[in-house]
Amino acid sequence: MDAIVLLKEDHKTVEKLFKQFEQAGPDAHRTKQKIVAQVVEELTAHTFIEETIFYPAVRAGAPDTTGHILESVEEEEKDWFPQVRRSMGRNRLQELGEEMAEAKGDAPRDPLGIPSASS
């Protein structure tokens, strides 16, 4: 799996959790609490691999694409990812995706476990 596919799958996972939260109903406090905990864990691990592996690799391998300020996941997926894909190429994204998938297994799940969050 390449790096962009991995990140998009993470986005889909979080979107699915948000939908589950919305569908849980007004009195499903425990269910919602569990879903929120999952969202926090997913986003923390996602942010960790994005910030420590993906963004630095893109800055090095596709510097002409890093001037974009992204305001939403949709903007990232529709505008920025295609530019990164063109600049970096399939093989590099494949290597990067493997590195990110491995790192995700060991990534912090608690936002306070990320050095920048506790500094």
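**Briefing: an all-helix chain pattern and its core**

The chain has five helices and zero strands, helices (H or I, at least four residues) and strands (E, at least two) being DSSP runs numbered from the N terminus. Along the sequence the pattern reads α-α-α-α-α. This is a predicted model, in which local features need pLDDT of at least 70, side-chain atom pairs count only at pLDDT 80 or more, and totals for chains, interfaces and linings use all residues. Residues are numbered from 1 along each chain as its sequence is written, and side-chain values use heavy atoms, with hydrogens and water left out.

**Chain totals**

- Of the 119 residues in the chain, 32% are buried; buried means under 20% relative accessible area, exposed over 50%, and partly exposed in between (1.4 Å probe, protein chains only).
- The chain exposes about 7700 Å², and carbon and sulfur atoms supply 50% of that area; accessible areas come from the Shrake-Rupley method with a 1.4 Å probe, and for residues only the protein chains shown count as cover.
- Among contacts (heavy atoms within 4.5 Å) between residues at least 6 apart in sequence, 70% join residues at least 24 apart.

**Nonpolar core**

- The largest nonpolar core has 18 residues, of which Phe54, Val84, Met88, Leu93, Leu96 and Met100 touch the most other members; such a core is a set of buried Ala, Val, Leu, Ile, Met, Phe, Trp, Tyr and Cys residues joined through side-chain atoms within 4.5 Å.
- At least two residues of this core come from each of helix H1 (3-23), helix H2 (29-61), helix H3 (73-88) and helix H4 (90-106).
- H2 gives the most to this core, with six residues.
- Not counting residues up to four places away in sequence, Leu93 touches Met1, Asp2, Ala3, Ile4, Phe54, Val84, Arg85 and Met88.

**Packing of H2 and H4**

- H2 and H4 pack at an angle of about 140° with their axes 10 Å apart; axes are lines fitted to C-alpha atoms, for helices over the stretch in contact, and angles run from 0 to 180 degrees between N-to-C directions.
- The crossing of H2 and H4 is right-handed, the term for a near helix turned clockwise from the far one by less than a right angle, with anticlockwise being left-handed.
- H2 contributes Glu42, Ala45, Ile49, Ile53, Phe54 and Ala57 to the contact, and H4 contributes Arg92, Leu93, Leu96, Glu99, Met100, Ala103 and Lys104.
- By class, the contact of H2 with H4 has nine nonpolar, no polar and four charged residues; Ala, Val, Leu, Ile, Met, Phe, Trp, Tyr, Cys and Pro count as nonpolar, Asp, Glu, Lys and Arg as charged, and the others, Gly among them, as polar.

- His46 is in helix H2 and is buried, with a relative accessible area of 6%.
- Residues up to four places away in sequence aside, His46 touches Leu7, Asp10 and His11.
- Lys104 lies in helix H4 and counts as buried at 17% relative accessibility.
- Leaving aside neighbours within four places in sequence, Lys104 is in contact with Asp10, Glu42, Ala45, Ile49 and Arg109.

**Partly exposed Pro56 and Gly61**

- Pro56 is in helix H2 and counts as partly exposed at 31% relative accessibility.
- Not counting residues up to four places away in sequence, Pro56 touches Glu50 and Glu51.
- Gly61 is also placed in helix H2 and is partly exposed, with a relative accessible area of 41%.
- Gly61 touches Ser87 and Met88, residues up to four places away in sequence not being counted.
- The C-alpha atoms of Gly61 and Met88 are separated by 6.0 Å, with the two residues 27 apart along the chain.
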